[in-house]
Amino acid sequence: DRLIAVLDPHGFRPLTLGKLGEAYVVCSETCALDLIDATWIRDIEPGEVFIAGPDGEKSIHPFPPARKAHCIFEHVYFARPDSYVFGKSVNEVRTELGRRLAEEQPTEADVVVPVPDSGVCAATGYSEASGIPLQMGLIRNHYVGRTFIEPHQSIRHFGVRVKLNPVKSILQGRRVVLVDDSIVRGTTSRKIVKMVRAAGASEVHLRISCPPTISPCYYGVDTPQRSELIGATHSIDEIRRFIGADSLGYLSLDGMLSAVGSERKNYCTSCYTAEYPVAFPENHSAY
């Protein structure tokens with residue numbers, strides 16, 4: 001008969017408060033409220049303990065103040081685009097990431113193709129800013145999960161083949177800008193580039209709407225250890241050669257943060273900088 005919602009003092013992960021009739025609802029993304037026709041009230045604040053029960057509701061802040069460190073990866077990949085996260089539309093931020101990417105990493109091409117689903121918003125922004133038309137040259141099977149989370153390479157490889165299928169009429173004989181949200185190990189990107197080439201693309205230019213991922217996350221995202229992150233152990237040209245693209249361009253750290261505007265100082269970027277706002281155990285540093 002009592003609800004207690006607590007957010008860490010840095011606010012790493014999103015937590016939002018809603019109401020369904022007389023009942024309070026707590027969830028990580030606002031799209032969950034939409035699904036059950038609940039009303040959004042507000043975000044739980046970093047360091048806040050919200051309590052609701054028969055005696056009413058109260059909010060306390062028992063923790064020492066800490067600088068905000070919202071996870072930027074929520075906007076890059078993790079959250080759904082129909083959600084508001086940290087007070088911002090995920091769709092709008094991702095589309096802006098794509099616009100910035102087109103400005104920083106232009107190329108001559110015939111078509112922009114997103115890697116669905118998480119690359120769609122950024123590809124839309126890239127197409128808008130570049131003037132290159134967007135077409136869905138890869139079709140996703142929505143009964144397959146997120147391949148970067150799968151623990152074994154053989155499972156990830158099989159997942160890519162089942163998850164995506166190329167549209168040859170869109171890709172054949174064309175210079176393709178392939179837009180994706182991130183490169184983690186590089187094996188998935190390699191399979192997708194190979195798939196697009198096999199469908200007849202004359203050139204494949206891979207564009208990534210965030211900087212190279214060089215460090216693991218210790219704050220709630222299941223990322224691989226550092227030795228498995230291709231961005232931590234290879235140069236951009238080495239990554240390009242490994243995945244088989246004609247060119248490879250990442251969005252800069254500044255370009256990524258510019259997409260969240262004046263709130264840029266309130267975000268954690270440790271997976272791109274290896275600068276952690278909260279120390280982790282020493283025995284993890286070798287990861």
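A: Let's start with one loop. This is a predicted model, and Asp117 sits in the loop between strand 10 (111–114) and helix 4 (120–130).

Q: Which residue is joined to Asp117 by a cis peptide bond?
A: Pro116 is, and omega of that bond is about 0 degrees. Most peptide bonds are trans.

Q: OK, zooming out. How many helices and strands are in the protein chain?
A: The protein chain has 11 helices and 16 strands. Its radius of gyration is 20 Å, close to the 19 Å that the globule rule gives for 287 residues, so the chain is as compact as a globular protein of that length.

Q: What box do the C-alpha atoms fill?
A: Along the principal axes, the box is roughly 70 × 45 × 35 Å.

Q: And what share of the residues is buried?
A: Buried residues are 48% of the 287. The chain exposes about 13600 Å², with carbon and sulfur atoms supplying 52% of that area.

Q: What about charges, how many positive and negative side chains are there?
A: There are 31 positive and 34 negative side chains, and the centres of the two sets lie 6 Å apart.

Q: Switching to helix 3, what span should its 15 residues have?
A: Helix 3 covers residues 90–104 and should span 21 Å at 1.5 Å a residue; its end C-alpha atoms are 21 Å apart, which agrees.

Q: Which of its residues are buried?
A: The buried residues of helix 3 include Val90, Val93, Arg94, Leu97 and Leu101. Glu96 is also among them.

Q: Where is Thr30 found?
A: Thr30 is in helix 1 (residues 30–35).

Q: Buried or exposed?
A: Thr30 is buried, with a relative accessible area of 8%; the cut-off for buried is under 20%. Leaving out residues up to four places away in sequence, Thr30 touches Thr16, Trp40, Asp82, Ser83 and Tyr84.

Q: How accessible is Ala274?
A: Ala274 is partly exposed, with a relative accessible area of 39%.

Conventions. Residues numbered from 1 in each chain as written. Predicted model: local features only at pLDDT ≥ 70, side-chain atom pairs only at ≥ 80, totals over all residues. Heavy atoms only, no water. Helix = DSSP H or I, 4+ residues; strand = E, 2+ residues; numbered from the N terminus. Rg over C-alpha atoms; globule rule 2.2 N^0.38 Å. Buried < 20%, exposed > 50% of the residue type's maximum accessible area, 1.4 Å probe, protein only. Areas by Shrake-Rupley, 256 points an atom, 1.4 Å probe, with all protein chains shown as cover. Lys, Arg positive; Asp, Glu negative; His and termini not counted. Charge placed at Lys NZ, Arg CZ, Asp CG, Glu CD. Expected span 1.5 Å × (residues − 1). Contact = heavy atoms within 4.5 Å.
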